[in-house]
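Hi,

Here is the structure I promised to pass on. Have a look at it first, and then read my notes below.

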Amino acid sequence: MSFVEPGAPDDRASEARAGFESSYGSAATLVGRAPGRVNLIGEHTDYNAGLCLPLALPHATYAALARRDDGRVRIASRQAADPWEGSVDTLGADTVSGWASYVAGVLWALREAGHDVPGIDVFIDSTVPLGAGLSSSAALECSVAVAVADLLGLDPTPELRRDLVAACIRAETEVAGAPTGGMDQTVSMLAESGAALLIDFEDHTTRPVPLALDDAGLALLVTDTRVSHALIHGGYASRRQDCEAAAERLGVPSLRHADLAAVEALDDERVRRRARHVVTEIGRVRDAVAAIETGDWQELGRQFLASHVSMREDFEISCPELDTVVQTAVEAGAVGARMTGGGFGGSAISLVPVERLAAVMRAVDAAFVAAGYRAPAHLRAEASAAAGVVSTGSTTGRDG
């Protein structure tokens, strides 16, 4: 029994450089790094102008790249057997598909924003588990974005970082064709080490919420159920449509402005439950932040559990494997647990006393064996820094 390790940034950057040289026969100019994320609480609230509270993982994606003078773009990855090649002048949804569309989409979006992006060779390496609901796609986009920005000599100001968030969102929605509310790209670009990031999607403001978990003897355990999570399937889109329908029937611009009593009066039972989840989940984010800031970890655990019940019953995005993790983790000593991410598979997060970590992992593993599920994977979620360029001899990256 062991954790999925993130690796040291220097070591992972060196591996990415080696992969670049093996693929292209020349040296990479630089390596961009961007973290995956886990959401503490606030699910399906981003596209409803709500609140969410993610943190950046130490597990990250690394993009080694170099400029080309002929306008060609070549994209390869250690995690994929199908490299892609094309022209920087013809990037778009019609010319690239699959995983490479996330990379090509960033180049396209930066050009659309007015940046003079040249031909580029890119090699990708990652320790973010794929399909686990931990934002491997946003980490991919953001690692390329910070690397290209550095290649172009752009100053990594807070304003540029927000511009890169916008470019990565366009890449995912307009080129890769996957829906996103923007939480994943925002935390990957703006996170701070040692803190979760409170994001308000009504005015797009953010503030760090420091996590004093070590002082409390607690840890965040992420369990990847290995049930593939894919937002391009229709479940995400249908939930979003239900939320939009609820807002329209309530006469509000978004569910952020909805009153719970009015929600409960909606005639359509399914739409009512979807809206109820969003309205109550936004409230749970506020309560979770208050609990963290006062050190009331039992209350945070209660908010985790209430969130999971809401996602299971009202939003209907859990699955038996996620429910098994949550129930088993709490029975084995976790303070609280919930599924995390877009749902339909992926991961759960548990708040666990450090001395109970091994016991919780063993219990979850045993429960999966008893149920006949595929063996899960576990990783520790330690709040890490935002995307940046990995400098030689640095373990933090040049992140401005």
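This is a predicted model: local features need pLDDT of at least 70, side-chain atom pairs count only at pLDDT 80 or more; totals for chains, interfaces and linings use all residues.

A term to start with: I call a residue buried when its relative accessible area is under 20%, exposed when it is over 50%, and partly exposed in between (1.4 Å probe, protein chains only). Helices (H or I, at least four residues) and strands (E, at least two) are DSSP runs, numbered from the N terminus.

Residues are numbered from 1 along each chain as its sequence is written, and side-chain values use heavy atoms, with hydrogens and water left out.

Let's begin with helix α11. It covers residues 320-331, which makes 12 residues, and it reaches 16 Å from its first C-alpha to its last, close to the 16 Å expected. (The expected span is 1.5 Å times one less than the number of residues.) Which residues of α11 are buried? They are E321, L322, T324, V325, V326, T328 and A329. As a reminder, an α-helix has 3.6 residues a turn, so residues three or four places apart point the same way. After α11 comes G333, with a positive phi near 125°.

Next, the salt bridges, meaning a side-chain nitrogen of Lys or Arg within 4 Å of a carboxyl oxygen of Asp or Glu. By that rule there are 28 salt bridges.

- D184 and R37 meet at 2.7 Å, N to O. D184 lies in helix α5 (residues 183-190) and R37 in strand β1 (residues 30-39), so this pair ties together parts that are 147 residues apart in sequence. Both D184 and R37 are buried.
- R207 and E293 meet at 2.9 Å, N to O. Here strand β8 (residues 205-210) holds R207 and helix α9 (residues 269-294) holds E293, so the parts tied together are 86 residues apart in sequence. R207 is partly exposed at 36%, and E293 is partly exposed at 47%.
- R274 and E316 meet at 2.9 Å, N to O. R274 is in helix α9 and E316 in the loop between α10 and α11, so the pair links parts 42 residues apart in sequence. R274 is buried at 4%, whereas E316 is partly exposed at 38%. Through shared partners, salt bridges join D242, E269, R270, R273, R274 and E316 into one network.

Now for the aromatics. Rings of Phe, Tyr and Trp (its six-membered ring) pair if their centres lie within 6.5 Å; planes under 30 degrees apart are stacked, over 60 edge-to-face, and the rest tilted. The count comes to three aromatic pairs. One of them is F368 with Y373, edge-to-face at 5.3 Å centre to centre and 80° between the planes. F368 is buried at 0% relative accessibility, and Y373 is partly exposed at 25%.

Lastly, two backbone spots. S135, in the loop between β6 (119-126) and α3 (136-151), has a positive phi near 65° although it is not glycine. S135 is also buried, at 6% relative accessibility. H204, a residue other than glycine too, has a positive phi near 60° and lies in the loop between β7 (195-200) and β8.

Cheers

Key: The expected span of a helix is 1.5 Å times one less than its number of residues.
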